[in-house]
Amino acid sequence: MDENPTGGRPADEKPTADRTAGHPWPDPTTPDAAPTDRATPDPTPTDPATPDPVPPPRPGHPARRRRVRRVLRGVALLLALLLLPLLTAETALRLNYTGDPAPGTRTRHQDALWLGHAWVDGRKDDRDVRALAERLRGTGIRDLYVHSGPLEHDGTLPASAYPGARRLTAAVHRELPGVRVQAWLGDELASEGPEGLRLDRPATRAAILASTRAVLAAGFQGAHFDLEPLHSGDRDYLGLLDDLRDLTHARGAVLSVAAHQIDPLPAFHSFWGATTGHPKWWSQEYFGQVARRVDQIAVMSYDTMQPLQSLYGGYVAQQTSLALEVTPDGTDLLMGLPFYHENRFGHWAHAETVPAAVRGVRLGLSRTDAGRRAFGVALYVDFAATEADWRAYREDWAATPPTAS
C-alpha cells in the first residue's frame, strides 16, 4: 500500500534607546508636573555623585521571562492541538486490534500472489514453476499477478517485455490446474509531476486497450492494473476501467486492479494532499466506484506509516471494514499482505508483519461481513518473501482448523 513542518523562533529583541519605553523613570527633558520649593539636583553625569541611569532589561529580567513563558505556552498549546487528533486516531487503531476473530474467517480459496518480472523474461523456467506449485498446493491461491510491464508513458507495451508469457501460462495450468495467470501492468502516472502516463489523453487510453488485447492474446487469463499515484476522484481512470471491462469480458478474461487505501478519517486524502502534495488515500465513495467496475480489487494495505504491530493490525482491520462496506458482492475483495521487509518512512518491517496483517484482516471481516465468500488476501511479493512470511500465511489464514469431534 511511500509513504514536513518547519519552525523557528523570533530573534532576541534589542533594548530600545528610549529608556521610557516600559520603564517610566523621570525624563530630564520633561517639565515637572508641579513646581517645588526645593532645588533639583543636576542630573548630568558631570557630578560624580550622581548615580548611573537604570540599565535596560537583561535576558533574565522578569519581563523577558514572562515573554518567554508566553511563547512556550503557545508552542505547547499548538503541539497539543496537532498531536491530540493523532493520539486519538492511534488509540482507536489499537482498540481496533483487540478481540478475537470469528470462527471460519480464513481463506475462501480466492487469494492472489504478485510475481516478479523474472517469470516472463526468461530467468525462470519449468523447474521454477514446479517449485512454485509445490509451495502453493494446499493454500488458497487462485490468481497469479505476473509483472509483464511496465507500460510505456504513452500506454504502449512492447511484446519483448513478456517473451515467456505463453510458456509460463502453459506450465502453470499443467502444474496448478484452476489457478489463473494475469498480466500485471502498471506505470507511474503524471499526477504529481511532469513525467509519466497521462490518463487524460484519449490516445494513451486507446494504447492501454491495445496493450491489454496483446497480453490476452499471449495467453494471460486476465489483466491486473497498478497505476500510481492515482488521485481519488480521477474520472479518466473510471472511464478507462469501463472500456477495459468491456474488452476483458468479451474475451472471457478477468479485470483486476491494485487499489489505494481508503481515508482512515473523513476526507483525509484532501488534508494530506494539501499538506504534502501526495493525497495517497482514496475516499470510500471513490473506492466503491472503482470496485463496481472490476472483477477483483486488491487493497495495497501496507506502507501505512504505523510504528507498531498492534497499530498496523488495527489499521488493516479498519481498512478491511471500510472496503467491505462499499465493495459489491460480485467483486472479489483482496487485502494485501506485506511479503517484503524494508525500513523507511512509511514502512517499518518490525510493525508491518504478516501475522499482524492477517489478524487485522480477520478482525475486520468478522465485524463487517464474516460470511462473505468473494474475499481473500493478496501476497506482495514473491521475490522478497521469507519462509516466516509463508508460514504465517499458511498457519494464520490458509490452514483450515480441525473440527471438534
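What follows is a set of questions and answers on strands, rings and charged side chains.

This is a predicted model, in which local features need pLDDT of at least 70, side-chain atom pairs count only at pLDDT 80 or more, and totals for chains, interfaces and linings use all residues. Residues are numbered from 1 along each chain as its sequence is written, and side-chain values use heavy atoms, with hydrogens and water left out.

Q: Which residue of strand 6 is the bridge partner of A259?
A: Strand 5 (residues 254-259) pairs with strand 6 (residues 296-299) in the parallel sense, over four bridges. The bridge partner of A259 in strand 6 is V299.

Q: Why is the pair of Y237 and W282 tilted?
A: Rings of Phe, Tyr and Trp (its six-membered ring) pair if their centres lie within 6.5 Å, and planes under 30 degrees apart count as stacked, over 60 as edge-to-face and the rest as tilted. By this rule the count comes to 13 aromatic pairs. The ring centres of Y237 and W282 are 6.5 Å apart, and the pair is tilted because the planes stand at 50 degrees.

Q: Is W282 buried or exposed?
A: Buried means under 20% relative accessible area, exposed over 50% and partly exposed in between (1.4 Å probe, protein chains only). Y237 has a relative accessible area of 1% and is therefore buried. For W282 the relative accessible area is 0%, so W282 is buried.

Q: Which residue does the charged end of K280 sit over?
A: A charge sits over a ring if NZ of Lys or CZ of Arg is within 6 Å of the ring centre and within 35 degrees of the ring normal. R359 lies over the face of Y97, at 4.9 Å from the ring centre. The charged end of K280, 5.6 Å from the ring centre, sits over W281.

Q: Which residues are linked with R142 in a network of salt bridges?
A: A salt bridge is a side-chain nitrogen of Lys or Arg within 4 Å of a carboxyl oxygen of Asp or Glu, and the structure holds 17 of them. In one of these, the side chains of D332 and R142 meet at 2.6 Å, N to O. This pair links distant parts of the chain, with D332 in strand 7 (residues 332-338) and R142 in strand 2 (residues 141-147), 190 residues apart. The network links R142 with D143, R180 and D332.

Q: Is R123 buried or exposed?
A: The side chains of R123 and D121 meet in a salt bridge at 2.7 Å, N to O. D121 counts as partly exposed at 29% relative accessibility. Because R123 has 58% relative accessibility, R123 counts as exposed.

How values were computed: Helices (H or I, at least four residues) and strands (E, at least two) are DSSP runs, numbered from the N terminus. Two strands pair if DSSP finds at least two bridges between them.
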